[in-house]
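Please look over the sequence and the model that follow.

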Amino acid sequence: MSTLKVNTIQEADGSAFSRILQIVEGTHSTQIIVNSTTLTDTNLSASITPSSSSNKILVLVNQAYLTDRDSGSGVNGRLRLLRDTTTILDHTPDMNNTLGFSVQNYGDDLTLGMRVPLFKLDSPSTTSSVTYSTKVATLVTSNNGMTIAQPSDMISTIHLLEIAP
């Protein structure tokens, strides 16, 4: 049997070799109904304690999500990713900035269900525990507009990967 021992590993250009130091997973599967424009916690979260303040955290979210409205001229919800109380990604802040599609001027009930992937390479610059979480809100409350996180108790996931430079 052989043993390989090295002091450092570098990229071919001499730069530092990045590596994943730890992975944390969070899941949540309880339906959260939001029929207001106030951002509401989805209860999807995960916490990680970086081993160095220069390390980055790759945040990977798969948010189960649904928007619904009886009738009107648009349906959409709002999704936000936070580090503790700081917004690091605001997905769909208004009707003109949608999740990739928008339905306008429909007559009957419209329900749009989806899984929204969010990816963010974050630099928390700390060695203290940080918590990443999501919040949702509906953008339009008239005609029974609502947004549902984890509809029908579908599982949403969040993965945090600490990456050393």
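A polar contact is a pair of N or O atoms within 3.5 Å, of which, within protein, one must be able to donate a hydrogen and the other to accept it. The model considered here is predicted.

Q: Which residue's side chain is joined to that of Asn55 by a polar contact of 2.7 Å?
A: Asn55 is found in the loop between β3 and β4, and with a relative accessible area of 4% the residue is buried. Leaving out residues up to four places away in sequence, Asn55 touches Leu21, Pro124, Ile163, Ala164 and Pro165, among others. The side chain that the polar contact of 2.7 Å joins to that of Asn55 belongs to Glu162.

Q: With which residues is Ile158 in contact, leaving aside its neighbours within four places in sequence?
A: Once neighbours within four places in sequence are left aside, the contacts of Ile158 are Val24, Glu25, Gly26, Leu44, Ser45, Ala46, Val59, Leu60, Val61, Tyr132 and Ser133.

Q: How many of the nine residues of β8 are buried?
A: Strand β8 runs antiparallel to β3, to which six bridges join it, and Val130 in β8 is the bridge partner of Ile48. Seven bridges join β8 to β5, again in an antiparallel arrangement, with Leu82 standing opposite Ser133 in β8. β8 is largely enclosed by the rest of the structure, because the number of its nine residues that are buried is seven.

Q: Which residues do salt bridges that share partners join into one network?
A: Side chains of opposite charge can pair when their charged atoms come close. A salt bridge of 2.7 Å, N to O, forms between the side chains of Arg78 and Asp90, linking strand β5 to strand β6 (residues 86-91) across 12 residues. In a further salt bridge, of 3.1 Å, the side chains of Arg80 and Asp90 meet, this pair being 10 residues apart. Through these shared partners the network consists of Arg78, Arg80 and Asp90.

Q: Is Asp90 buried or partly exposed?
A: Buried means under 20% relative accessible area and exposed over 50%, with partly exposed in between. Arg78 at 17% and Arg80 at 19% are therefore both buried. Asp90 has a relative accessible area of 26%, so this residue is partly exposed.

Q: How many residues apart in sequence are the parts that Arg83 and Asp122 tie together?
A: A search of the whole structure finds three salt bridges, and in one of them the side chains of Arg83 and Asp122 meet at 2.6 Å, N to O. Arg83 is buried, with a relative accessible area of 17%, and Asp122 counts as buried at 5%. Because Arg83 lies in strand β5 and Asp122 in strand β7, the separation in sequence of the parts tied together is 39 residues.

Q: Is Gln150 buried or exposed?
A: Gln150 has a positive phi of about 55° although it is not a glycine, and the residue is found in the loop between β9 (146-149) and β10. Ser125, in the loop between β7 and β8, has a positive phi of about 50° and is not a glycine either. Ser125 is exposed, with a relative accessible area of 53%, whereas Gln150, at 0% relative accessibility, counts as buried.

Notes
Residues are numbered from 1 along each chain as its sequence is written. This is a predicted model: local features need pLDDT of at least 70, side-chain atom pairs count only at pLDDT 80 or more; totals for chains, interfaces and linings use all residues. Side-chain values use heavy atoms; hydrogens and water are left out. Contact means heavy atoms within 4.5 Å. Helices (H or I, at least four residues) and strands (E, at least two) are DSSP runs, numbered from the N terminus. Buried means under 20% relative accessible area, exposed over 50%, partly exposed in between (1.4 Å probe, protein chains only). Two strands pair if DSSP finds at least two bridges between them. A salt bridge is a side-chain nitrogen of Lys or Arg within 4 Å of a carboxyl oxygen of Asp or Glu.
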